Amino acid sequence: MSADDEAQVRHIYERWHATITSQDLGGLMALYAEHAVFESPTVLAQFPDRDEGILRGRGEIEQLFARNFTNLRKQFSELYRTGLFFSNGRHLTWEYPRLTPSGAQVDLFESMDIENGLIVYHRVYWGWQGLKALLAARDRQRT
C-alpha cells in the first residue's frame with residue numbers, strides 16, 4: 001500500500017467516525033463519491049416502500065443519513081470502536097462491537113471500497129443490537 005493510499009484510508013476511517021458521532025451530514029457526504037453505492041438493512045428500515053437495501057448516488061445516501069440522524073440519534077452519537085481497522089489501500093473494514101467498556105451498543109461492521117480518497121461502495125452489516133434498534137425505529141415511524 002502506498003503512503004498516499006494509507007493516508008486516504010486513515011482519513012476516511014477517522015473522518016467517517018467523527019462525522020457520524022457529531023451528526024455532521026455535510027462532512028459525512030464529502031467522504032462519498034457522487035456515484036457511490038450504499039448497501040444496508042437501514043435502507044429498508046428508513047424507507048419501508050423500497051424493495052431493496054441499496055442506494056445509488058450521494059443524493060440518496062444523504063437522504064438516508066438525514067433520517068438516521070433523526071431516527072437513530074442516540075445510537076449514532078455514542079458509538080465506540082477499538083481503533084483497529086484493516087485495509088489494503090482500496091478496501092477498508094472495521095467493527096463497532098456490541099460489547100463496549102461501558103455496556104452494549106449498536107453492533108455494526110463497516111466495509112468500504114475507496115477510490116481517489118472517496119467512498120465508492122459502502123456496505124454495513126448490522127448485528128443483533130443493531131437489528132433491535134432498526135426495528136424500533138421502523139415501529140416508531142409507523143405510529
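Predicted model: local features only at pLDDT ≥ 70, side-chain atom pairs only at ≥ 80, totals over all residues.
Biologist: What makes F38 and F65 an aromatic pair, and is the pair stacked or edge-to-face?

Modeller: Their centres lie 5.4 Å apart, and the limit for a pair is 6.5 Å. The planes are at 75°; over 60 counts as edge-to-face, so that is the term used.

Biologist: Which parts does this pair tie together?

Modeller: F38 belongs to strand β1 and F65 to helix α4 (residues 58-71), so the pair links parts 27 residues apart in sequence. Both F38 and F65 are buried.

Biologist: How do you know that W94 and Y96 form an aromatic pair?

Modeller: Centre to centre they are 6.1 Å apart, which is within 6.5 Å. With 75° between the planes, this pair is edge-to-face. W94 and Y96 are both buried, and both belong to one aromatic cluster that also includes Y13, W16, F38 and F65.

Biologist: Why is R81 said to sit over the ring of Y13?

Modeller: The charged end of R81 is 3.6 Å from the centre of that ring. The rule asks for CZ of Arg within 6 Å of the centre and within 35 degrees of the ring normal. R81 also sits over the ring of W94, at 5.5 Å from its centre.

Biologist: What makes β1 and β8 paired strands?

Modeller: Four bridges join them, in the parallel sense, and at least two are needed. E39 stands opposite R123 in β8. With β2, strand β1 has three bridges in the antiparallel sense, and V37 has R56 as its bridge partner there.

Definitions and conventions: Residues numbered from 1 in each chain as written. Heavy atoms only, no water. Helix = DSSP H or I, 4+ residues; strand = E, 2+ residues; numbered from the N terminus. Phe/Tyr/Trp six-rings, centres within 6.5 Å; stacked < 30°, edge-to-face > 60°. Buried < 20%, exposed > 50% of the residue type's maximum accessible area, 1.4 Å probe, protein only.
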